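Colleague: I would like to go through some of the labels attached to this model and hear what each one rests on.

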Amino acid sequence: MPSSPDLTLLLTALAASCDAAVRVRLVAAGHDEVRTVHGYVFQHLLVGPVRVTDLADLLGMTAQGASKVVAEMERVGYVVRRPDPGDSRVRLVEMTPRGHEAVEAGRAARAAVTAELLASLGTGADRVVDSLHELADRTGALRDLMARRLRP
């Protein structure tokens, strides 16, 4: 173990490991097409349909980039594009039932991975979680997550 811990490196490694474990569970649940960027899109569609240009702004990417991700998600059945009832020239992106299933499968997978990690920490789990909450709060990361402002 290094004499001076590189917290950024440790958190990056842990996040990658957690992401891989969640992905394994998503594949087992029949959602092998889900990519990390899809999770960011899902978060913005949970509140209802969104225009591609607005989605691009929310994700911090170009409209072309957002449109490409939406097209990919549409091909695998997670979203559909429909005309905006207020302006037929505008297309709204919304989640399909399969998209909602993927979100639920992701939540279940994250809960399972969390439970395994906490169980491996034993009695020290509460202290670790409290410390991570404190760091997330201090850095603003928790606020950004709750406001759906984290970007891919």
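Colleague: Why is Leu132 called partly exposed?

Modeller: Buried means under 20% relative accessible area, exposed over 50%, and partly exposed in between, with a 1.4 Å probe and protein chains only. Leu132 has a relative accessibility of 39%, so the label is partly exposed. This is a predicted model, in which local features need pLDDT of at least 70 and side-chain atom pairs count only at pLDDT 80 or more, while totals for chains, interfaces and linings use all residues. Residues are numbered from 1 along each chain as its sequence is written, and side-chain values use heavy atoms, with hydrogens and water left out.

Colleague: Where is Leu132 placed, and what makes up the nonpolar patch on the surface?

Modeller: Leu132 sits in helix H6; helices are DSSP runs of H or I with at least four residues, strands are runs of E with at least two, and both are numbered from the N terminus. The patch is formed by Leu7, Leu10, Leu11, Leu118, Leu121, Val128, Leu132 and Leu135, which together have about 630 Å² of accessible area. Two or more of its residues come from each of helix H1 (7–28), helix H5 (97–121) and helix H6 (125–139). Patch members need over 30% relative accessible area and no salt bridge; nonpolar side chains (Val, Leu, Ile, Met, Phe, Trp, Tyr) are joined within 5 Å, like charges within 9 Å. The areas come from the Shrake-Rupley method with a 1.4 Å probe, and for residues only the protein chains shown count as cover.

Colleague: What makes Arg25 and Glu116 a salt bridge?

Modeller: The term requires a side-chain nitrogen of Lys or Arg within 4 Å of a carboxyl oxygen of Asp or Glu. For Arg25 and Glu116 the N to O distance is 2.4 Å, and their side chains meet in a salt bridge. Arg25 belongs to helix H1 and Glu116 to helix H5, so the pair ties together parts that are 91 residues apart in sequence. Both ends are partly exposed, Arg25 with a relative accessible area of 26% and Glu116 at 46%.

Colleague: Which residue forms a salt bridge with Asp87?

Modeller: The partner of Asp87 is Arg89, with the closest N and O atoms 2.9 Å apart. Arg89 has a relative accessible area of 73% and is therefore exposed, whereas Asp87, with 21%, is partly exposed. The whole structure has 10 salt bridges.

Colleague: Is His38 buried or exposed?

Modeller: With a relative accessible area of 0%, His38 is buried. His38 lies in helix H2 (residues 36–45). Its side chain makes a polar contact with that of Glu72 at 2.6 Å; the term covers a pair of N or O atoms within 3.5 Å, where within protein one must be able to donate a hydrogen and the other to accept it, and residues adjacent in sequence count only if both atoms are side-chain atoms. Leaving aside neighbours within four places in sequence, His38 is in contact (heavy atoms within 4.5 Å) with Glu33, Val69, Glu72 and Met73.

Colleague: What is the mean pLDDT of the protein chain?

Modeller: The mean is 92, and 98% of the residues reach 70 or more; pLDDT is the predictor's confidence in each residue, from 0 to 100.
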